Amino acid sequence: MRKQIGLIALLIGMAFSVVGCGGDSSDDATVAFRNDSTNKTVCAIWDGVNMGPLLPGEKSASRAANAGTHTIKWTDCQGHDLTTTGWPNLVEGHSYTFPY
């Protein structure tokens, strides 16, 4: 019986170390993208994924994101870079808007 209780305690401990507790969730910040241009449609490339076109003056809906370092680059939505790649670092519990 003692071995079984010890094994259960060990398995619970292993589960918490893998899953985490508290601030280790995977979607613990939010991001949105805003096009401050008055005449260009742009696309945010977030972690290598095109977030879709933003018309001049448009802001995207907020979306969940992991805390930590990401990549962002702005394009003209036809594959031509408008900026170099940046590496923003998101902090847990905060919301961010990335302007072009």
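Reply: Helices (H or I, at least four residues) and strands (E, at least two) are DSSP runs, numbered from the N terminus. By that rule, D47 sits in the loop between β2 and β3 (49-54). This is a predicted model, in which local features need pLDDT of at least 70 and side-chain atom pairs count only at pLDDT 80 or more, while totals for chains, interfaces and linings use all residues. Residues are numbered from 1 along each chain as its sequence is written, and side-chain values use heavy atoms, with hydrogens and water left out.

The chain has one helix and eight strands. Their order from the N terminus is α-β-β-β-β-β-β-β-β. The chain has 100 residues, and 25% of them count as buried. Buried means under 20% relative accessible area, exposed over 50%, and partly exposed in between, with a 1.4 Å probe and protein chains only.

Back to D47. Its phi is near 50 degrees, a positive value in a residue other than glycine. D47 has a relative accessible area of 40%, so it is partly exposed.

Next, the loop between β6 and β7, where C77 is found. C77 also has a positive phi, near 75 degrees, and is not a glycine. Its relative accessibility is 30%, so C77 counts as partly exposed. The search of the whole structure finds one disulfide, a term that here means a pair of cysteine sulfur atoms within 2.5 Å. C77 forms it with C43, and the sulfur atoms are 2.0 Å apart. The two cysteines are 34 residues apart and link distant parts of the chain: C43 lies in strand β2 (residues 42-46), and C77 in the loop between β6 (72-75) and β7 (89-90). The disulfide is right-handed because the torsion about its S-S bond is about 110 degrees.

D81 brings in charge. It forms a salt bridge with K73, with the closest N and O atoms 3.4 Å apart. A salt bridge is a side-chain nitrogen of Lys or Arg within 4 Å of a carboxyl oxygen of Asp or Glu. D81 counts as partly exposed because its relative accessibility is 47%. K73 is at 22%, so it is partly exposed too. The structure holds two salt bridges. D36 forms one with R34, and here the closest N and O atoms are 2.7 Å apart. D36 has a relative accessible area of 42%, so it is partly exposed. R34 is at 29%, so it counts as partly exposed. Side chains of opposite charge can pair when their charged atoms come close.

Third, the loop between β3 and β4, which holds S60. Its relative accessibility is 14%, so S60 counts as buried. Leaving aside neighbours within four places in sequence, S60 is in contact with A32, F33 and L54. Contact means heavy atoms within 4.5 Å.

F33 and L54 lead on to the core. Both belong to the largest nonpolar core, which has twelve residues in all. A nonpolar core is a set of buried Ala, Val, Leu, Ile, Met, Phe, Trp, Tyr and Cys residues joined through side-chain atoms within 4.5 Å. Other members include V31, W46, I72, L90 and F98. The elements that give two or more residues to this core are β1 (29-34), β2 and β6. Among the contacts of W46, not counting residues up to four places away in sequence, are V31, F33, H70, P88 and F98. In soluble globular proteins, nonpolar side chains tend to be buried together.

Last, the sheet. Three strands form an open sheet in the order β4-β1-β8, with mixed pairing. β4 (63-65) and β8 (95-99) are the edge strands, each pairing on one side only. From one strand to the next, the twist averages 40 degrees. Axes for such angles are lines fitted to C-alpha atoms, for helices over the stretch in contact, and angles run from 0 to 180 degrees between N-to-C directions. Two strands pair if DSSP finds at least two bridges between them. β1 and β8 run parallel, joined by five bridges. R34, the salt-bridge partner of D36, stands opposite P99 in β8.
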